[in-house]
Amino acid sequence: MAGHDSVIKSYLRYLKLQRSMSPNTIDAYSRDVGKLLTWLETEQKKLADVTLSDLQSFAAGLHDIGIGPTSQCRILSGVRSLFHFMVLDGYIEQDPSELLESPVLGQHLPEFLTPQEVDQLEDSIDLSVPEGHRNRAIIEVLFSCGLRVSELVTLTWSQLYADEKFLRIKGKGSKERLVPISDRALHEIDNYMPWRNSLKIKPGEKDYIFLNRRGAHLTRTMILIMLKRQALQAGITKTISPHTLRHSFATALLEGGADLRVIQALLGHESIGTTEIYTHISMQTLRKEILAHHPRNIHNGCR
């Protein structure tokens, strides 16, 4: 069999040409596979001879040196990808990583804001400053439409169908979805327009809806900084980000009775499992639902 270097070069070329991965993703996979190669050197084992038992020992070693479960999962995903490629390209006959298990991750439920807290956030904005109406519109669009921040900063006029009240969003993997936009969000965009129209817009930036003072479209970092400052101004102690408003959108829909599949479509999730992680109903809401609808409570059978 070819040496490690030859296999890895072929693998990285496969990620680029066949899997169409970005340079950053390829670098991450390369670093993760590099950890396995370093371990194999220490154990004096060849890549072609690796067994499931070897990979389990490698995985245990990741835990022993203090690498967290999330990072372990990522590294092992890269390892599986490598061995899958090696089978495809005929370097090995059997994939030793096929039965390799990753550590179980607990569901991390990010912070979310109630509609009242979103109102509190918007009401704290000083509308006398140039960006005031723009920032209010940004918060309302994020909360009303559940957009990713990357979708918000690249949102263009050609994606907004104001009369029909929907946005055409190009999400991850260039997949398009239609998202309704509320009257309130459209109203906030209208209020932002006088300031936007006063800007000297840079060439090539005219179609972007949200611009900075220099007439260029915003970045994700700008949105994050604005939201954190506004939360501080509003007296909201939760740690928030643009994703918080996306999660708040999903939570509000779920608590309002929307079907999980509808929320999945609006968020642009491929898997319903992802949507389940991003949604959360408070115990207080669940308790109210049980008290209101359980037959034992309705018929006064339990007090």
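Does D54 count as buried or exposed, and at what relative accessibility? In this predicted model, D54 has a relative accessibility of 10% and therefore counts as buried, since the cut-off for burial is under 20%. The side chain of D54 meets that of K45 in a salt bridge, with 3.5 Å from N to O. K45, by contrast, counts as partly exposed because its relative accessibility is 33%, a value between the limits of 20% and 50%.

Side chains of opposite charge can pair when their charged atoms come close. The count of salt bridges comes to 13. One of them joins E122 and R184, whose closest N and O atoms are 2.9 Å apart. E122 belongs to helix α5 and R184 to helix α8, so this pair ties together parts that lie 62 residues apart in sequence. E122 counts as buried, at 0% relative accessibility, whereas R184 is partly exposed, with a relative accessible area of 36%. The two residues also take part in a network of salt bridges that links D119, E122, E140 and R184. A further salt bridge is formed by the side chains of R168 and E176, again described by an N to O distance, here 3.5 Å. R168 counts as partly exposed, at 25% relative accessibility.

The nonpolar residues were examined next. The largest nonpolar core holds 40 residues, of which L121, L147, L152, F210, I223 and L227 touch the most other members. Two or more residues of this core are given by each of the elements α5 (115–123), α6 (132–145), α7 (149–153), β2 (166–170), α8 (183–197) and α9 (220–234). Helix α6 supplies the largest share, namely 7 residues. For L152, when neighbours within four places in sequence are left aside, the contacts are I138, V141, L142, L147, F210 and I223. Another core, of 29 residues, lies apart from the largest one and has L36, L76, V79 and L82 among its members.

Aromatic rings were considered last. A pair of aromatic rings is described by the distance of the centres and the angle of the planes. The structure holds 8 aromatic pairs. One aromatic cluster is formed by Y11, Y14, F85 and Y91.

Terms used: Residues numbered from 1 in each chain as written. Predicted model: local features only at pLDDT ≥ 70, side-chain atom pairs only at ≥ 80, totals over all residues. Heavy atoms only, no water. Phe/Tyr/Trp six-rings, centres within 6.5 Å; stacked < 30°, edge-to-face > 60°. Core = buried A, V, L, I, M, F, W, Y, C linked by side-chain atoms within 4.5 Å. Buried < 20%, exposed > 50% of the residue type's maximum accessible area, 1.4 Å probe, protein only. Helix = DSSP H or I, 4+ residues; strand = E, 2+ residues; numbered from the N terminus. Contact = heavy atoms within 4.5 Å. Salt bridge = Lys/Arg side-chain N within 4 Å of Asp/Glu carboxyl O.
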